[in-house]
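Student: I have a model open and want to learn how to read it. Please take me through its features one by one.

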Amino acid sequence: MWITGDTMPELPDVENFRLYFQKTSLNQKINSVQVKELRFLTEIDQFSLQRLLTENRFSETFRHGKNLLVRIGTDPWLTVHFGMTGYIKYYSDISQEPPFDRLLINFSNGNHLSFSDQRIFGRVGVTSSPEQFIKEHHLGPDALQIDEKRFLELFSRKKRALKTLLMDQTFMAGIGNEYSDEILFRAGFLPGRNSSTLDIEELKKLFRSVKEVIHTALKAHAVKKLFPDDYLLKNRRKGSRCFRCNAVMQTLRFGGRTAYYCPGCQR
DNA sequence: AGTACCACCTGACGGC
DNA sequence: TGCCGTCAGGTGGTAC
């Protein structure tokens, strides 16, 4: 049982990693820690990290947006961001070590936990508490936790492209490029549409779409092939056609990110 | 203050 | 055949 990083790690993928970590890696004594890529660490050097973890145990997990936090005994928390190619793998035989392993934790029971990340966009760090981490990184409310009231409050104060807003982690945390496309496709709004042009009913529709997409993704364990067939995510590539109206999907660039949308279904 | 955009990173892919 | 440019995307820093 391990997780490959089938999609870019957005909220549902990271929630999946959290549950996996919870099932595999809690309450086991840590024998040693190997930092294989120094650029993978942030806010802490390899020797401090080794001192902090060795002879200790992970005690609980937490997630906010795309960030996984793991408490180190009764001490600070390890913070994990998966970038765009990151994932974790727990295994018993070192021959199963994944490629691009950046941080390796060896437990006293003989098992291993690897933090793999081909492109090294991910980061592992340390923080005193989840609240402190959220504050330091100016993260908005978690997209899985946010309720309609708070969502409407936040939107009423913004005048930006819907696509940009959904991906802004300081606005709301957890949605990235791929899921924002899906949310807008299912709600029927163009990615470049300005948030200030939505009336209250349209905002509620957008909110429902955020929830629907996240919950569908969680149910599918963020594995694309398990998504419903009418999901844009399953077919998000150049030249593909809309499942609903058969129009050729179009693309637009937003700050270096490519948005896919249907010119027929989205307004 | 709020918003927009680029550098970072690596591998796959297409064109010539 | 092989080289080179382009694309993929989350985040933090910088520029406006």
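Predicted model: local features only at pLDDT ≥ 70, side-chain atom pairs only at ≥ 80, totals over all residues.

Tutor: Residues are numbered from 1 along each chain as its sequence is written, chains are lettered from A and ligands numbered from 1 in the order in which they are written, and side-chain values use heavy atoms, without hydrogens and water.

Student: How many helices and strands does chain A have?

Tutor: Helices (H or I, at least four residues) and strands (E, at least two) are DSSP runs, numbered from the N terminus. Chain A has seven helices and ten strands.

Student: What does the radius of gyration say about chain A?

Tutor: It is taken over C-alpha atoms; the globule rule is 2.2 Å times the number of residues to the power 0.38. For 267 residues, a compact globule would be near 18 Å; chain A has 20 Å, which agrees. Its C-alpha atoms fill a box of roughly 55 × 35 × 30 Å along the principal axes.

Student: What share of chain A is buried?

Tutor: Buried means under 20% relative accessible area, exposed over 50%, partly exposed in between (1.4 Å probe, protein chains only). In chain A, 54% of the 267 residues are buried.

Student: Where does Asn 246 lie?

Tutor: Asn 246 is in the loop between helix 7 (200–219) and strand 9 (250–254). Its phi is near 70 degrees, a positive value in a residue other than glycine. Asn 246 counts as partly exposed because its relative accessibility is 46%.
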